[in-house]
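This briefing looks at one strand and its neighbours, at a few loop residues, and at the confidence of the model. Please read it beside the sequence and the structure.

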Amino acid sequence: GFKKFDWWLFSKLDESLDEVYLPYYDPKGNRIAKFKPDFIFWLKKKNGERYFIVFVDPKGAEYYDWKRKVEGYCALFEEDGSPKVFPHDNSLKASVHLYLRTDDMGKLTEDDRRFWFDNVDSMLKRLSDEPN
């Protein structure tokens, strides 16, 4: 898991204090709503200058309109189905990721599975497998 990274940090977001959110369209309210994931990981990959900012929400598909929230994430942080890479200081490359936790990956379509994990090690493996 975490051994494939030079270092990592973790934070639990407090909805009443933190202004960190992903905007998404809520058709029921016909407005832009705020998706506030519960956790953020910051990770730096070994043998490279890759920096990952990872939003994690453990609530599961049955608790909220997750597809709209994923669409909001994709509009901001993906291009052609892959995370955008943001260069910084000519050496560091940062990307933003979204992972949602489920107990049963089998209930998800193949396309949807890229946003889901059922254990932290599987999430970390996907990040560490990304190219520099």
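Six bridges join strand 4 to strand 5 (residues 50-57), and the two strands run antiparallel. The coordinates are those of a predicted model, in which local features need pLDDT of at least 70 and side-chain atom pairs count only at pLDDT 80 or more, while totals for chains, interfaces and linings use all residues. Residues are numbered from 1 along each chain as its sequence is written, and side-chain values use heavy atoms, with hydrogens and water left out.

- Strands here are DSSP runs of E with at least two residues, and helices are runs of H or I with at least four, each numbered from the N terminus; two strands count as paired if DSSP finds at least two bridges between them.
- Strand 4 covers residues 39-45 and is mostly covered, since five of its seven residues are buried, where buried means under 20% relative accessible area, exposed means over 50%, and partly exposed lies in between (1.4 Å probe, protein chains only).
- Strand 1 (residues 5-12) also pairs with strand 4, in the antiparallel sense and over seven bridges, and within this pairing Trp7 has Lys44 of strand 4 as its bridge partner.
- On the side of strand 5, Val54 stands opposite Phe41.

**The turn between strands 4 and 5**

- Strand 4 and strand 5 form a hairpin with four residues between them, and Asn47 in the turn has a positive phi of about 55 degrees.
- Gly48 lies in the loop between strand 4 and strand 5, and at 16% relative accessibility Gly48 counts as buried.
- Although Gly48 and Pro131 are 83 residues apart in sequence, their C-alpha atoms are 9.0 Å apart in space.

**Other positive phi values**

- Most residues other than glycine have a negative phi.
- Asn30, in the loop between strand 2 (22-26) and strand 3 (31-35), has a positive phi near 50 degrees and is exposed, with a relative accessible area of 58%.
- Asn90, in the loop between strand 8 (86-88) and strand 9 (92-101), has a positive phi of about 60 degrees and is exposed, with a relative accessible area of 84%.

**Confidence**

- The protein chain averages a pLDDT of 88, and 95% of the residues score at least 70, pLDDT being the predictor's confidence in each residue, from 0 to 100.
- In the protein chain, confidence is highest in strand 6 (residues 78-79), at 94, and lowest in helix 2 (residues 120-128), at a mean of 89.
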